[in-house]
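I opened my notebook to go through this structure one item at a time. Entries follow in the order I looked things up.

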Amino acid sequence: MEALNLDLIGAGLIIIGAGIGLGKIGGAAMEGIARQPEAAGKIQTAMIIIAALLEGVAFAALFAV
């Protein structure tokens with residue numbers, strides 16, 4: 001029973017960290033696009049790839065429990 005509780009806490013921390021990371025990625029991308037609008041396509045593509053990988057980690061943590 002105690003091991004399950006620790007698994008849930010660990011998964012929750014991973015999901016919270018992923019949410020914070022997605023917020024930071026989005027904010028940094030918007031700042032980069034504001035500074036260099038001509039590079040918006042490259043920045044957006046990189047942001048989407050990183051966000052998808054990070055979201056995959058969060059889903060893996062969620063389903064691993």
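Entry 1. I checked Glu 31 first. Its relative accessibility is 44%, so Glu 31 counts as partly exposed. The model is predicted, and I read every value with that in mind.

Entry 2. I looked for the partner of Glu 31. Arg 35 forms a salt bridge with Glu 31, and their closest N and O atoms are 3.0 Å apart. I found one salt bridge in the structure. Side chains of opposite charge can pair when their charged atoms come close.

Entry 3. I asked where the pair sits. Both Arg 35 and Glu 31 lie in helix 1, four residues apart, about one turn of the helix. Residues three or four places apart point the same way, because an α-helix has 3.6 residues a turn. I then looked up the cover on Arg 35. Its relative accessibility is 65%, over the 50% cut-off, so Arg 35 counts as exposed.

Entry 4. I moved to the nonpolar surface. Leu 6, Ile 9, Leu 13, Ile 16 and Ile 20 make a nonpolar patch of about 520 Å². I placed Leu 6 in helix 1, which covers residues 2-35. Leu 6 has a relative accessible area of 54%, so I logged Leu 6 as exposed.

Entry 5. I turned to helix 2, residues 40-64. At 1.5 Å a residue, its 25 residues should span 36 Å. The end C-alpha atoms of helix 2 are 36 Å apart, which agrees.

Entry 6. Which residues of helix 2 are buried? I noted Ala 51, Ala 58 and Ala 61.

Note on methods: Residues are numbered from 1 along each chain as its sequence is written. This is a predicted model: local features need pLDDT of at least 70, side-chain atom pairs count only at pLDDT 80 or more; totals for chains, interfaces and linings use all residues. Side-chain values use heavy atoms; hydrogens and water are left out. Patches are made of residues with over 30% relative accessible area and no salt bridge: like charges are joined within 9 Å, nonpolar side chains (Val, Leu, Ile, Met, Phe, Trp, Tyr) within 5 Å. Accessible areas come from the Shrake-Rupley method with a 1.4 Å probe; for residues, only the protein chains shown count as cover. A salt bridge is a side-chain nitrogen of Lys or Arg within 4 Å of a carboxyl oxygen of Asp or Glu. Helices (H or I, at least four residues) and strands (E, at least two) are DSSP runs, numbered from the N terminus. Buried means under 20% relative accessible area, exposed over 50%, partly exposed in between (1.4 Å probe, protein chains only). The expected span of a helix is 1.5 Å times one less than its number of residues.
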